[in-house]
Amino acid sequence: MDYATTDIVRPFRTAVVPAAGLGTRFLPATKSVPKELLPVVDTPGVELVAEEAAAAGADRLVLVTAPGKQGVAAHFATDRELEHALAERGKSALLEKVRNAPGLLAVRTVLQERPLGLGHAVLQAERVLAADESSVAVLLPDDLVLPRGVLDTMARVRRRRGGSVLCAIDVPADHVGAYGIFDVEPVRDAADPNVLRVNGMVEKPAVGQAPSTYAAAGRYLLDRAIFDALRRIEPGVGGELQLTDAIALLIAEGHPVHVVVHRGIRHDIGNPAGYLRAAVDFALAREEYSAELRDWLLDRLGVDRTRQAGAA
C-alpha cells in the first residue's frame, strides 16, 4: 500500500506505556512483582512492548508508573555486576538477553500518584514531551499484537489522513461486551479495506447493540490534541478519566480518527488465561522448547500422536 507522505521525518519519537496498575488479577504474585515484569517464557511483557516501539521508530519510552513500582523502570537499567558475572562465565547468550532491554531506547518515568484511569495516566506523559512532538504512541502493556508492524501501518495512515489512528481487532459478536467497540464506516478512497473512519466508540455494549465487532487493541497513535481533550473531559465511571472519552470529544469536534484493523494475533496478558495462552504460543515458536512442549500438550490432551503423524 503506497500512502502519500508528508514532511514528517518520524511518525512519533515517544512511546507511552501506562504501567501504574495494581495487577489485581494476578495476586498474590503481583504483591511484590509488577504485572508488567511477569515473563512471557523468559521476557517480561513490558520489554516485548518496548521492542515493538523501538522497531517502529521510537527513541524514548515513557513509563507511567505508580508508587512502589520502581522495578518496572529498573528492568531497563544496566546491571554491570550481572553482566560481568555472565561474561566471566562465558554465558554469551544470556548476556545478550540481559543487555537487550537497556539497549532498546531511552527510558523516562512519570508518576501517576492515584489510579484515576487510563486517560489520566496518558495525560501525565505530556510534561516530558518536547515542544515539537506533534504525536505520541501509546502501547498498553497488557496487549501483545502480533506479528509486529501495525504501528508502521498506523503511521502511514496518519501521514495520509492526519489526526489520530488506533488499532482494532475483529472479535466474535458474542464477545463485544468485553471490549470498547468502534462505530466505523469505510473510507471511500482507502486502498486498504482494513482502514476505517471512526465515528465513535461504545464501551462494552450489550450483544446485539454493538455498532460493529471491531474492538480496541491497545495501540494508539495520538495527535497531541489528545492532551487538551483529556483536560476538558469529565471523570467517568469510578471517577476516572477515560482515554476513549477524550477520543470521542476529538471526533465530535471534527478531529479525524481512523482505525487499522489488525488481522493477526492479539494476546491479552493482563489476565491469567490470556497470559498462559501467550506463554504457550511464544514457547511453541522457540526452537529450544517447541518440540518437547508440543509433545507434552498432545499427551496431556489425549491426542494420538501416531494418528496425527499419519494425517500429516
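These legends accompany several close-up views of a predicted model.

The model is predicted, and its local features need pLDDT of at least 70, side-chain atom pairs count only at pLDDT 80 or more, and totals for chains, interfaces and linings use all residues. Residues are numbered from 1 along each chain as its sequence is written, and side-chain values use heavy atoms, with hydrogens and water left out.

**View 1. Confidence along the protein chain.** Let's start with pLDDT, the predictor's confidence in each residue, from 0 to 100. The protein chain averages 91, and 94% of the residues score at least 70. Residues 1-8 have a pLDDT below 50, and this stretch has 13 contacts in the model beyond near neighbours in sequence (contact means heavy atoms within 4.5 Å). Where pLDDT is low, the predicted coordinates should not be read in detail.

**View 2. Strand 1, residues 14-19, and its two partners.** Helices (H or I, at least four residues) and strands (E, at least two) are DSSP runs, numbered from the N terminus. Here 6 of the 6 residues of strand 1 are buried; buried means under 20% relative accessible area, exposed over 50%, and partly exposed in between, with a 1.4 Å probe and protein chains only. Thr14, Val16 and Pro18 point one way, Ala15, Val17 and Ala19 point the other way, and all are buried. Two strands pair if DSSP finds at least two bridges between them. Strand 1 pairs in the parallel sense with strand 4 (residues 60-65) over 6 bridges, and alanine 19 stands opposite threonine 65 there. Strand 1 also pairs in the parallel sense with strand 6 (residues 135-139), over 2 bridges.

View 3. Alanine 15 is buried, with a relative accessible area of 0%. Opposite alanine 15 stands alanine 137 of strand 6. Leaving aside neighbours within four places in sequence, the contacts of alanine 15 are Ala53, Ala58, Arg60, Leu61, Val62, Ala137 and Leu139. Valine 49 is 34 residues from alanine 15 in sequence, and the two C-alpha atoms are 9.7 Å apart in space.

**View 4. The largest nonpolar core, with 45 residues.** A nonpolar core is a set of buried Ala, Val, Leu, Ile, Met, Phe, Trp, Tyr and Cys residues joined through side-chain atoms within 4.5 Å. Phe12, Ala15, Leu61, Leu139 and Met154 touch the most other members of the largest core. Apart from this core lies another, of 37 residues, among them Leu129, Leu166, Phe182 and Ile226. Not counting residues up to four places away in sequence, methionine 154 touches Val165, Leu166, Cys167, Arg219, Tyr220, Leu221 and Val260.

**View 5. Strand 8, residues 164-170, between strands 11 and 12 in its pairing.** Because 6 of its 7 residues are buried, strand 8 is largely enclosed by the rest of the structure. Strand 8 runs parallel to strand 12 (residues 257-261), joined by 5 bridges, with alanine 168 and valine 261 as bridge partners. Strand 8 runs antiparallel to strand 11 (residues 214-223), also joined by 5 bridges, and valine 165 stands opposite leucine 221.

**View 6. Arginine 159 in helix 6, residues 150-161.** Arginine 159 is partly exposed, with a relative accessible area of 22%. Proline 11 is 148 residues from arginine 159 in sequence, yet their C-alpha atoms are 7.7 Å apart in space.
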